[in-house]
Amino acid sequence: MALPSRIRGQECTILVVRAGVLEDSITSVMNFNFEYQGETKTQGYLGEKNNRTDDIFNQGKFDFEAHLTTQQWLTFIKAIQDRQKRVTPDVQFNISVVLEFANGETPTVFFNDCKFGAIPNNIASRGDYVKVKFDGMVDDISFTTS
């Protein structure tokens, strides 16, 4: 019996949305990482032979790197800065990761109301592409399956 095909990066689409509008300048994404951050808690009680264990969801983390194709990425960073400085506190940033499996399944991972941290930019050498890295967190990660 043949094993199902594994998904590759070419079958993953990263969509970045600001205030309901697709950021068309962030298209050359090289990698995208996310972490579902859960935590376990253990407590022992007198008279019991085992500890009791619970788990909780804390938040989601993500980061991605992209090559630059237009100056629009500066507008995107400015929009992040304006929200952080409360110039435009209601602007919301959302990221969707669409996965296209060979069997036709297309689940999506949603990162709603993204909060960004440091945004390092890298100009490594004359022959290297300039890249920018975005690092952020969300209160929740949601999923849809097809």
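This is a predicted model: local features need pLDDT of at least 70, side-chain atom pairs count only at pLDDT 80 or more; totals for chains, interfaces and linings use all residues.
Me: Which residues of α1 are buried, and what covers them?

Reply: Trp 73, Phe 76, Ala 79, Ile 80, Asp 82 and Arg 83 are buried. Buried means under 20% relative accessible area, exposed over 50%, and partly exposed in between (1.4 Å probe, protein chains only). The cover includes β1 (12-18), β5 (93-99), β7 (115-116), β8 (121-122) and β9 (131-138). Just after α1, Arg 86 takes a positive phi of about 65°.

Me: Why is the pair of Phe 32 and Phe 62 called stacked?

Reply: Rings of Phe, Tyr and Trp (its six-membered ring) pair if their centres lie within 6.5 Å; planes under 30 degrees apart count as stacked, over 60 as edge-to-face, the rest as tilted. By this rule there are 14 aromatic pairs. Phe 32 and Phe 62 have ring centres 6.3 Å apart and planes at 5°, so they are stacked. Phe 32 sits in strand β3 (residues 29-43) and Phe 62 in strand β4 (residues 52-67), 30 residues apart. Phe 32 is buried at 17%, and Phe 62 is buried at 1%.

Me: What makes the pair of Phe 34 and Phe 111 edge-to-face?

Reply: The angle does. Their planes stand at 70° and their centres are 5.3 Å apart, so the pair is edge-to-face. Phe 34 lies in β3 and Phe 111 in β6 (residues 108-111), so the pair ties together parts 77 residues apart in sequence. Phe 34 has 38% relative accessibility and counts as partly exposed; Phe 111 has 0% and counts as buried. Ring pairs also link a cluster, with Phe 32, Phe 34, Phe 62 and Phe 111 among its members.

Me: How do you know that Cys 12 is too far from Cys 114 for a bond?

Reply: A disulfide needs two cysteine sulfur atoms within 2.5 Å. The sulfur of Cys 12 is 17 Å from its closest cysteine sulfur, that of Cys 114, so a bond is ruled out. The whole structure has 0 disulfides. Cys 12 is partly exposed at 28%, whereas Cys 114 is buried at 0%.

Me: Why is Thr 108 called buried, and which residues does Thr 108 touch?

Reply: Its relative accessible area is 11%, so Thr 108 falls in the buried class. Thr 108 is in strand β6. Contact means heavy atoms within 4.5 Å. Not counting residues up to four places away in sequence, Thr 108 touches Ser 96, Val 97, Val 98, Ser 142, Phe 143 and Thr 144.

Definitions and conventions. Residues are numbered from 1 along each chain as its sequence is written. Side-chain values use heavy atoms; hydrogens and water are left out. Helices (H or I, at least four residues) and strands (E, at least two) are DSSP runs, numbered from the N terminus.
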